[in-house]
Amino acid sequence: MENEHVLDLIPEYLDGSLDKETMKDIQRHLEKCPQCQQETKEMEALLKAFKSDVVPVPSERLRSRFEEALEAEKASMGKVVPLPLEKKNRNWASSVLKIAASIALLVASFQMGSVFQQKKINQELAQLKDENLDMKQTAMLSLMENQSASKRIQGVAYIDEFENPDESIIQALANRLLNDENDNVRLTAFEALSKYTSSETVKNVFIEALEKEKNPSIQVAIIQTLVQIQEKKAAEPMKKLLEKEDTQPFIKEQIKAVLPSLT
Amino acid sequence: MEALSDEMIMQKVAEGNLDLLKVLFDRHHKHVYNFLFKMTGDRMLSEDLTQDVFYKLIKYRSSYNMGSFKSWLFTIARNSLKTHFTRHHKTFEDIEVLAYQSVEDAHDMTENNAHLQNALNRLPPEDRELILLNRYQEIRYDDLAEMMGSSPGAIKTKVCRILKKLKEIYLETI
């Protein structure tokens, strides 16, 4: 360092802000280096000018305005002093709200859960019911095909299990009514079908059955039902029955009695 | 109270002891004023801006971050100055105006003062600002670096370079 210029360190050297070791190094260098001595002298003059510079003084107005502003701020702060208390209250209120909200959430989720559970159960129940109905329908249809007449009657009687029997059941019952060899099965099938007289299929089946039926008690029942529902199309087969020789006399009388109300 | 550092006092102010701001005002308002005056060369403007700086001190007391109080104070002062010049669409590189204004004020300065001020006025504003903060406010290089967003080493080198330049100007005019 002794032989290097120290120009860059001169301001700090003059400020005395360097460590002792560096200060000594610079001193030693300055003793031998006229260029750096010159620089130091000049810099010293400048820094002295700074030190001796008279700092301009602001007017008293500055202080008084500052103090006014400070008082104003203190006054506005005074109004705000209860803030921490309010904050506490707000905190208390908000924590109560939070607790209430969490309880509400808990209850809501519990109820939602039970609603969903209920829905699921209902769905399962409905499914089970459907399955049950399917099974019953299958059982019913297969029973109606059974060789034993009593089983066929049992099958036909299953109609009570269905609130809204579908077309296949109606068709199966119609088959029994039209084609079964056993009188009792036909009668039971007729009774079962007579609950669904609003169906066009059932009406047509009855009219067809009237033409085919040989059993007088079933004939009577069919005639009564057809008259009851005022089925005009039934008039023609009834007239035919009147003309037939093998028709029981009391059936003919029955027809004669009701025919005017149909035509 | 006199023994307490600026930082400790400002901390108490931030906590709500507003009266202590008077201590800080007493300690620093002249320096702020001086800095602004040497930057603008305008007494009235400097007084207004100094006023503004201390208003901001009151207003933003709670945002004081425990750092060096002086650098915080002069950061506010620099910002006020910047805002003023942007608002009035002047660049403060208008040295001719400054020189004129400082001449106007020169009658209540010593000859030495006037020389120094004239030399300072011939520095670019950024350089002048750095020298003022370094020489008059004795703000440490570390804090200056933080204020200027630079490193202490770079600031030290810059200050040294500006001082050399200023010295040339100063000796020329004497």
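Visitor: Which residues touch the most other members of the largest nonpolar core?
Guide: This is a predicted model. In its largest nonpolar core, of 47 residues, B:Val32, B:Phe35, B:Leu36, B:Phe74, B:Ala77 and B:Ile131 touch the most other members.

Visitor: Which helix gives the most to this core?
Guide: H2(B) does, with 8 residues.

Visitor: What is B:Phe35 in contact with, leaving aside its neighbours within four places in sequence?
Guide: B:Phe74, B:Ala77, B:Leu132, B:Tyr136 and B:Gln137. Of these, B:Phe74 and B:Ala77 are also among the core residues that touch the most other members.

Visitor: What does a second, separate core include?
Guide: That core has 28 residues, among them A:Ala189, A:Ala192, A:Ala234 and A:Leu241.

Visitor: Back to chain B. How many helices and strands are there?
Guide: Chain B has 9 helices and 0 strands, so the pattern along its sequence reads α-α-α-α-α-α-α-α-α. Of its 174 residues, 37% are buried.

Visitor: What share of the contacts in chain B between residues at least 6 apart in sequence join residues at least 24 apart?
Guide: 63% of them.

Visitor: Now chain A. How do helices H8 and H10 pack?
Guide: H8(A), residues 183–193, and H10(A), residues 216–228, pack at about 10 degrees, with axes 10 Å apart. Angles under 35 degrees count as roughly parallel, so that is what H8(A) and H10(A) are to each other.

Visitor: Which residues make the contact?
Guide: A:Asp183, A:Arg186, A:Leu187 and A:Phe190 come from H8(A), and A:Ile218, A:Ala221 and A:Ile222 from H10(A). By class there are 5 nonpolar, no polar and 2 charged residues.

Visitor: Last topic: what does UniProt list for residues 5–37 of chain A?
Guide: An unreviewed UniProt entry lists "domain: Putative zinc-finger" there. In the model, residues 5–37 of chain A are 70% helix and 0% strand, and the end C-alpha atoms are 10 Å apart.

Terms used
Residues numbered from 1 in each chain as written. Chains lettered and ligands numbered in written order. Predicted model: local features only at pLDDT ≥ 70, side-chain atom pairs only at ≥ 80, totals over all residues. UniProt positions renumbered as here; feature names shortened; annotations may be inferred. Helix = DSSP H or I, 4+ residues; strand = E, 2+ residues; numbered from the N terminus. Buried ≥ 20, exposed ≤ 12 C-beta atoms within 10 Å, placed from the backbone. Contact = placed C-beta atoms within 7 Å. Core = buried A, V, L, I, M, F, W, Y, C linked by C-beta atoms within 7 Å. Axes fitted to C-alpha atoms, helices over the stretch in contact; angles between N-to-C directions. Parallel < 35°, antiparallel > 145°, perpendicular 65-115°, else oblique. Nonpolar A, V, L, I, M, F, W, Y, C, P; charged D, E, K, R; others polar.
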